[in-house]
Amino acid sequence: MPNRIHFLLFLAALAVALSCGTRTPTRVPAGTPPASLDVKHIRELLQHVAGADLKPAQVEIKSIAPGTGNDNAVVEARIETAFRLQRENGAWKVAEVRLGDRQWESLDLVEAAVQHEKERRTTGLLQRLAEGLEAYRREKGQFVATEDVSVLLDHLAPRYLGNPLRFDWWGSQFVYHGTPSSYQLLSAGPDRKPGTSDDLVVRSQ
């Protein structure tokens with residue numbers, strides 16, 4: 001199930017839809033790293049990503065661009081698939097997505113699992129920030145006193161925190177309230193509104 005979840009996130013990120021109209025020609029910029037990454041290889045990867053079983057004609061590679069490093073690339077692709085719709089209380093909703101000829105997955109189950117994974121990963125980010133704050137306190141004798149996450153990260157990175165962690169897995173900036181003797185770190189959670197019941201919170205002991 002987790003592998004198929006990742007595939008469905010991939011579909012959403014690429015704006016998957018039923019194929020129609022004229023196809024856009026493949027465009028591969030020169031100097032794309034790594035040199036061994038070509039259209040044929042990428043298409044094969046996307047056909048079978050996370051356990052999917054797509055035909056070559058269902059995967060169109062539109063462009064390949066350099067990423068942020070030599071071992072990184074950004075691929076723009078079009079995936080042809082199908083969605084099964086269902087009517088509930090007079091309103092239509094997307095119920096399932098097809099991963100292959102006979103592979104269908106429930107989007108309700110996928111959405112619940114994705115939210116759970118985002119919570120798990122965001123909790124991990126909060127814990128790393130908390131560890132950085134504790135390391136800062138041990139050396140400085142106090143926590144970072146600020147209400148500004150940018151100021152917090154200026155104090156912690158890179159000595160106490162290897163990578164600045166500004167955003168949670170819903171794309172919202174973390175909220176920090178700190179005094180010399182205590183702090184509270186907060187993710188606004190799925191609804192992206194601080195102070196509601198789905199907030200994820202870490203406090204000083």
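Reader: How many helices and strands are in the protein chain?
Author: There are four helices and eight strands. Bear in mind that this is a predicted model.

Reader: What pattern does the chain follow along the sequence?
Author: The order is α-α-β-β-β-β-β-α-α-β-β-β.

Reader: What share of the residues is buried?
Author: Of the 205 residues in the chain, 33% are buried. The accessible surface is about 12400 Å². Carbon and sulfur atoms account for 52% of that surface.

Reader: And contacts between residues at least 6 apart in sequence: what part joins residues at least 24 apart?
Author: That part is 50%.

Reader: On to packing. Which residues have the most contacts inside the largest nonpolar core?
Author: They are Leu133, Leu156, Tyr176, Tyr183 and Leu185. The core has 23 residues.

Reader: Which elements supply at least two residues each?
Author: Helix H3 (107-140), helix H4 (149-156), strand S7 (183-187) and strand S8 (200-203). H3 gives the most, with seven residues.

Reader: What does Tyr176 touch, leaving out residues up to four places away in sequence?
Author: Its contacts include Leu133, Tyr183 and Leu185. Phe143, Val144, Val149 and Leu152 are also among them.

Reader: Which residues does the second core include?
Author: Leu46, Ile61, Ala77 and Ile79 are among its eleven residues. That core is separate. In soluble globular proteins, nonpolar side chains tend to be buried together.

Reader: Now the surface. Which residues make the nonpolar patch?
Author: Phe83, Leu85, Trp92 and Val94 make a patch of about 390 Å². Strand S3 (83-88) and strand S4 (91-98) each give two or more residues to it.

Reader: Where is Val94, and why does it count as partly exposed?
Author: Val94 is in strand S4. Its relative accessibility is 36%, so Val94 counts as partly exposed.

Reader: Change of topic. Where is Asp53?
Author: Asp53 is in the loop between helix H2 (39-47) and strand S1 (59-66). With a relative accessible area of 41%, Asp53 is partly exposed.

Reader: Which residues does Asp53 touch, not counting those up to four places away in sequence?
Author: On one side of the sequence, Gln47 and His48. On the other, Leu99, Gly100, Asp101 and Gln103.

Reader: What separates the C-alpha atoms of Asp53 and Arg98?
Author: They are 9.7 Å apart, while the two residues are 45 residues apart along the chain.

Key: Residues numbered from 1 in each chain as written. Predicted model: local features only at pLDDT ≥ 70, side-chain atom pairs only at ≥ 80, totals over all residues. Heavy atoms only, no water. Buried < 20%, exposed > 50% of the residue type's maximum accessible area, 1.4 Å probe, protein only. Contact = heavy atoms within 4.5 Å. Areas by Shrake-Rupley, 256 points an atom, 1.4 Å probe, with all protein chains shown as cover. Core = buried A, V, L, I, M, F, W, Y, C linked by side-chain atoms within 4.5 Å. Patch = residues over 30% accessible without salt bridge, like charges linked within 9 Å, V, L, I, M, F, W, Y side chains within 5 Å. Salt bridge = Lys/Arg side-chain N within 4 Å of Asp/Glu carboxyl O.
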